[in-house]
Amino acid sequence: MILIIDEWLWHDLSGENGSQKQKETFEFFECIYKICDKIAVMRDTPFLTKFFKLAKSSKMRGIIKIFDVYNSQKVLFLESQEDDVDLPGVKIKPDDIYLYNIYNCVEGQKCIITTDKPLIEEMKSKGIEIYHRDEFLYKYLSQCKK
């Protein structure tokens with residue numbers, strides 16, 4: 001499966017969202033490697049901008065090493081799109097359009113994982129497979145432990 005994730009990941013790993021979420025997110029990375037899923041990322045997006053900003057922080061260097069953006073076995077790296085995809089009737093924040101763009105660029109089984117409840121509601125209404133971080137990680141980590 002191709003996982004499309006927004007910036008909650010970096011907030012979790014940095015400990016900003018508490019030690020429990022940090023622990024879950026570390027376990028999530030371990031499961032990605034065990035299950036052989038990939039994370040899709042696109043150049044010039046808020047997700048990668050935050051990743052590179054955190055990667056420069058001495059506090060975060062050890063944490064960031066677990067996400068090797070150039071590992072093609074775990075990361076599907078996409079070039080940014082010149083123009084945002086036209087989204088007639090879709091009401092999402094401009095900062096979140098990249099998630100939709102990645103979703104449309106990726107073939108096969110895929111889903112978006114976010115903590116943005118209005119985004120979840122809007123995308124689900126358009127038939128896009130999208131989950132709240134807590135719901136997804138609960139199921140994903142449970143499957144991984146089997």
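1. Throughout this note, a residue is buried when its relative accessible area is under 20%, exposed when that area is over 50%, and partly exposed in between (1.4 Å probe, protein chains only). By this criterion seven of the nine residues of α5 are buried, so α5 is largely enclosed by the rest of the structure. The residues concerned are Ile 97, Tyr 98, Leu 99, Tyr 100, Asn 101, Ile 102 and Tyr 103. Contact is taken as heavy atoms within 4.5 Å; the cover over the buried residues of α5 includes β1, β2, α3, β3 (75-78), β4 and α6 (117-125).

2. On the basis of the note: this is a predicted model, in which local features need pLDDT of at least 70 and side-chain atom pairs count only at pLDDT 80 or more, whereas totals for chains, interfaces and linings use all residues. Residues are numbered from 1 along each chain as its sequence is written, and side-chain values use heavy atoms, with hydrogens and water left out.

3. Overall organisation. The chain contains seven helices and five strands, where helices (H or I, at least four residues) and strands (E, at least two) are DSSP runs numbered from the N terminus. Their order along the sequence is β-α-α-β-α-α-β-α-β-α-β-α. Of the 146 residues, 47% count as buried. Among contacts between residues at least 6 apart in sequence, 65% join residues at least 24 apart.

4. Nonpolar core. A nonpolar core is a set of buried Ala, Val, Leu, Ile, Met, Phe, Trp, Tyr and Cys residues joined through side-chain atoms within 4.5 Å. The largest such core has 44 residues, and Leu 3, Ile 5, Leu 9 and Phe 28 have the most contacts inside it. Helix α5 (residues 97-105) gives the most to this core, with six residues. Leu 3, when residues up to four places away in sequence are not counted, touches Phe 28, Ile 32, Asp 37, Lys 38, Ile 39, Ala 40, Cys 111, Ile 113, Phe 136 and Tyr 140.

5. Helix α2. The expected span of a helix is 1.5 Å times one less than its number of residues. For the 17 residues of α2 (residues 19-35) this gives 24 Å, and the end C-alpha atoms are 24 Å apart, which agrees. Thr 25, Glu 27, Phe 28, Phe 29, Cys 31 and Ile 32 are buried in this helix. Their cover includes β1 (2-5), α1 (8-13), β2 (38-42), β4 (110-114) and α7 (133-144).

6. Packing of α2 on α7. Two packed helices are described by the angle between their axes and the distance between the axes. Axes here are lines fitted to C-alpha atoms, for helices over the stretch in contact, and angles run from 0 to 180 degrees between N-to-C directions. Helices α2 and α7 pack at an angle of about 50 degrees, with their axes 10 Å apart. That makes α2 oblique to α7, given that angles under 35 degrees count as roughly parallel, over 145 as roughly antiparallel, 65 to 115 as roughly perpendicular and the rest as oblique. On the α2 side, the residues that meet α7 include Lys 21, Glu 24, Phe 28 and Ile 35; their counterparts in α7 include Asp 134, Phe 136, Leu 141 and Cys 144.

7. Thr 25 and Arg 133. Thr 25, in helix α2, is buried, with a relative accessible area of 0%. Leaving aside neighbours within four places in sequence, Thr 25 is in contact with Trp 8, Leu 9, Asp 12, Leu 13, Arg 133 and Leu 137. Arg 133, found in helix α7, counts as buried at 1% relative accessibility. With residues up to four places away in sequence not counted, Arg 133 touches Trp 8, Asp 12, Lys 21, Glu 24, Thr 25, Ile 113, Thr 114 and Thr 115.

8. Ser 142. This residue of helix α7 counts as partly exposed at 33% relative accessibility. The C-alpha atoms of Ser 142 and Cys 31 are separated by 9.8 Å, although the two residues lie 111 residues apart along the chain.

9. Positive phi values. Cys 36, in the loop between α2 and β2, has phi near 75 degrees, a positive value in a residue other than glycine; Cys 36 counts as exposed at 58% relative accessibility. Asp 44, in the loop between β2 and α3 (46-56), has phi near 65 degrees, also positive in a residue other than glycine. Asp 44 is exposed, with a relative accessible area of 61%.
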